[in-house]
Amino acid sequence: CPRRLRGSGWLLFLLVLAGAVWLCRLVTALRRLVGYWEIRSFYIRALGIPAEELCNHSWQSVQARLLALQRRQPLCVPRRELTELDIHHRILRFRNYPVAMVNKSLLPVRFRLPLLGPVVFLTRGLQFNLELLLFRGPAALFQNTWSLRPQ
C-alpha cells in the first residue's frame with residue numbers, strides 16, 4: 001500500500017483532501033459541542049435547573065425562569081421587559097428570514113419543470129450563500145447576533 005501511494009500523486013492528493021475535509025468536520029463538531037456545553041451551563045447556572053432535571057422541564061417552565069431572570073438581571077436584550085413572543089422571535093430569527101423571503105417570492109425556489117409541473121427546490125449551496133450574505137458576511141444585515149446594523 002505505501003508503494004502504491006508513493007507512485008500515485010493523484011491518490012495521495014485525494015487522501016490529503018479527504019483528511020482536510022475530515023479535519024474541518026471534526027473542528028465543526030467540536031465547536032458545536034462547546035456551544036451545547038455553554039447552553040447547558042446557562043440552564044444550570046443562570047436558570048437554576050439542576051443537570052439531572054434538564055430533560056424533565058417543559059418549555060413553559062424554562063420560559064418562566066428566563067422571564068424571571070430578565071426581571072432580576074437584564075440580559076443582552078435592549079428592552080427592559082421581555083415577553084414570550086420576544087423569546088420566540090429571538091430563537092427563530094435566523095430561520096424566519098429565509099421563510100419570509102420564500103413567502104414573499106423574493107427567493108426563486110419554485111420552478112416549473114416539463115412533465116413534473118411546479119416544484120420547490122432550495123439547494124444547500126443557495127442556503128449557505130444566503131446565510132453568508134444575510135447573517136455572516138462582511139456586508140451582513142446584523143452587526144452581531146442580536147442587533148441590526150444602524151444603516
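**Figure 1. Leu115 in the loop between E1 and E2.** In this predicted model, Leu115 counts as exposed because its relative accessibility is 90%, and a residue is called exposed when this value is over 50%. Leu115 belongs to the loop between E1 and E2. Although Leu115 is not a glycine, its phi is positive, at about 75°. Most residues other than glycine have a negative phi. The hairpin formed by E1 and E2 has three residues between the strands.

**Figure 2. The pairing of strands E1 and E2.** Strand E1 covers residues 110–113, and strand E2 covers residues 117–120. In which sense do E1 and E2 pair, parallel or antiparallel? The sense is antiparallel, and the pairing extends over four bridges. Arg110 has Val120 in E2 as its bridge partner. In a regular strand the side chains alternate between the two faces of the sheet.

Figure 3. The phi of Ser105 is near 60°, a positive value in a residue other than glycine. Pro108 counts as exposed because its relative accessibility of 53% is over 50%. How many residues along the chain lie Pro108 and Leu122 apart? They are 14 residues apart, and their C-alpha atoms are separated by 8.4 Å.

Figure 4. Asp86 is a residue of helix H4. Is Asp86 buried or exposed? Asp86 is buried, because its relative accessible area of 13% is under 20%. The side chain of Asp86 is joined to the side chain of Thr83 by a polar contact of 3.1 Å.

**Figure 5. The cysteines Cys24 and Cys55.** Cys24 counts as exposed because its relative accessibility is 51%, which is over 50%. Cys55 is likewise exposed, with a relative accessible area of 69%. How many disulfides are counted in the model? The count comes to zero.

**Figure 6. The setting of the close-up views in the whole protein.** The protein contains five helices and two strands. Along the sequence these elements follow the pattern α-α-α-α-β-β-α. Of the 151 residues of the protein, 17% count as buried, and Asp86 is buried. The accessible surface of the protein comes to about 12,600 Å², and carbon and sulfur atoms account for 64% of this surface. Among contacts between residues at least 6 apart in sequence, 23% join residues at least 24 apart.

**Figure 7. Confidence along the predicted model.** The mean pLDDT of the protein is 83, and 89% of its residues reach 70 or more. Where is confidence highest, and where is it lowest? Helix H2 (residues 9–45) has the highest confidence, at 92, whereas helix H1 (residues 2–7) has the lowest, at a mean of 68. Where pLDDT is low, the predicted coordinates should not be read in detail.

How values were computed. Residues numbered from 1 in each chain as written. Predicted model: local features only at pLDDT ≥ 70, side-chain atom pairs only at ≥ 80, totals over all residues. Heavy atoms only, no water. Buried < 20%, exposed > 50% of the residue type's maximum accessible area, 1.4 Å probe, protein only. Pairing = 2+ DSSP bridges. pLDDT = per-residue confidence, 0-100. Contact = heavy atoms within 4.5 Å. Areas by Shrake-Rupley, 256 points an atom, 1.4 Å probe, with all protein chains shown as cover. Disulfide = S-S within 2.5 Å. Polar contact = N/O pair within 3.5 Å; in protein donor to acceptor, adjacent residues only side chain to side chain.
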